Amino acid sequence: MPIKIQHWVWIAVALSLIFAIYFIYPYLLWEVVELQKVFNLELSNALKTIHQAPQQAGLSLMLISFLYGIFHAVGPGHGKFILTSYLSLEKTKLPQTLRITLLSALVQGLVAVALVTILVVIFTLSRSYFNVTLKWVERGSFLLMILFGSYWLWQSLRPMLQKNQPKRPLIIRKIQPLSSSNLRLVPIHQHSENCGCGHKHLPSAKEIDNIQDWKSMWLVVLSIGLRPCSGAILVLFLAYTLDLYLWGVASAMMMAVGTALTLSCFACLVLFARNKAIQTSHWYLSVQQSKRLVLALKLLMGLLLIGLGVMLFHSSFIETSTILFKR
């Protein structure tokens, strides 16, 4: 098959998948919601029967928690939007991608455990205090989302701002002649990254890129993970009331592992689509056009992240009936 025809076939397959997902996703989401209701009931039953059959009920609890985490991550959320934006426009490899998804899910589980442990188990505060704290933790994740979008805007606009800065003219203030007795040929040592003098004077280009990658990666991880899983909080509360809190902690962390598996599969799909898009763009866009397109998309996604973060932060102050626990 000729190469051009092969590329058109890939484009047709991608468009067909997009239309299929568009029509199938609402039904899939409805099934996932129904499965979550079943899993919630099974989690409650497994916790209640742990005293009678610890081994069997404990294994069932871990398995149900793992499956709950897998299906809970299928639903829509701001985390997937952040993850898709980051993986689509940043040069990330598979190991770094899996590290991001695993850390995001584990931070989500640890935040749920830390909130319930500190506020309920240690300080025994009321449910209203817990709801207020949970709201502010979620607002923190939205603020980090705004910060991440602002960081992307700065990364996109900085090259243009530096390019437009006027260069300072060279000004010669004084010319002093040197006498022949002061002229000596002495080799001048110029420090650089590989000067070989035994001292490290400057960070290498790779180290600077790694620092920027770590900044972006932790902004992504914290903006996703600071919003705890509602199912983990529910099972932790139920386990605390049944005097089985350690089992609740184990269940919450198994949910995080299941969430990490789904996020990793989702991230691999995004990486595959990005690589195919890059391969296809080589046939239609030059290197400069590709750089400009990535810069424009990064600018657009930064604005979208800021807009979505502001909207979520503002909507968190609106009283709704979605509070986890009420008096």
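T262 is buried, with a relative accessible area of 15%. The model shown here and in every view below is predicted.

View 1. T262 sits in helix α8. What does T262 touch, leaving aside its neighbours within four places in sequence? The contacts are G69, I70, A73 and V74. T262 counts as buried because its 15% relative accessible area falls under the 20% cut-off. G69 and I70, two of those contacts, are also among the buried residues of α2.

View 2. Helix α2 covers residues 54-72, 19 residues in total. From first C-alpha to last, α2 reaches 26 Å. That is close to the 27 Å expected at 1.5 Å a residue. Which residues of α2 are buried? They are A57, G58, L61, M62, I64, S65, Y68, G69 and I70.

**View 3. Helix α3 against helix α8.** Two packed helices are described by the angle between their axes and the distance between the axes. Here the partners are α3, residues 78-89, and α8, residues 245-281. Their axes come within 9 Å and cross at roughly 35°. The crossing of α3 past α8 is right-handed. On the α3 side, the contact uses K80, L83, T84, L87 and S88. On the α8 side, it uses L263, F266, A267, V270, L271 and R274. By class, the residues of this contact are 7 nonpolar, 2 polar and 2 charged.

**View 4. The salt bridge of K298 with E90.** The count of salt bridges in the model comes to 3, and K298 with E90 is one of the pairs. The closest N and O atoms are 3.0 Å apart. K298 belongs to helix α9, residues 287-315. E90 belongs to the loop between α3 and α4. The pair therefore ties together parts that are 208 residues apart in sequence. Are the two partners buried or exposed? K298 is buried, and E90 is buried as well.

**View 5. The salt bridge of E138 with R227.** The closest N and O atoms of E138 and R227 lie 3.9 Å apart. Distant parts of the chain are linked here, the two residues being 89 residues apart. E138 is in helix α5, residues 127-164. R227 is in the loop between α6 and α7. E138 counts as buried, at 14% relative accessibility. R227 is partly exposed, with a relative accessible area of 30%.

**View 6. The salt bridge of K37 with E34 in helix α1.** The side chains of K37 and E34 meet in a salt bridge of 3.7 Å, N to O. Both residues are in helix α1, which spans residues 3-48. They are 3 residues apart, so about one helical turn separates them. K37 counts as exposed, at 52% relative accessibility. E34 counts as partly exposed, at 30%.

**View 7. T124, after helix α4.** T124 follows α4. T124 is placed in the loop between α4 and α5. Most residues other than glycine have a negative phi. The phi of T124 is positive, near 45°. T124 is exposed, with a relative accessible area of 54%.

**View 8. D243, in the loop between α7 and α8.** D243 is not a glycine, yet its phi is positive, at about 60°. The residue is found in the loop between α7 and α8. D243 is exposed, because its relative accessible area is 66% and the cut-off is over 50%.

**View 9. The whole chain, for orientation.** How many helices and strands does the protein have? There are 9 helices and 0 strands. From the N terminus on, the elements run α-α-α-α-α-α-α-α-α. The protein has 327 residues, and 34% of them count as buried. Consider the contacts between residues at least 6 apart in sequence. Of these, 84% join residues at least 24 apart.

Notes:
Residues numbered from 1 in each chain as written. Predicted model: local features only at pLDDT ≥ 70, side-chain atom pairs only at ≥ 80, totals over all residues. Heavy atoms only, no water. Axes fitted to C-alpha atoms, helices over the stretch in contact; angles between N-to-C directions. Helix = DSSP H or I, 4+ residues; strand = E, 2+ residues; numbered from the N terminus. Left-handed = near helix turned anticlockwise from the far one by under 90°. Contact = heavy atoms within 4.5 Å. Nonpolar A, V, L, I, M, F, W, Y, C, P; charged D, E, K, R; others polar. Salt bridge = Lys/Arg side-chain N within 4 Å of Asp/Glu carboxyl O. Buried < 20%, exposed > 50% of the residue type's maximum accessible area, 1.4 Å probe, protein only. Expected span 1.5 Å × (residues − 1).
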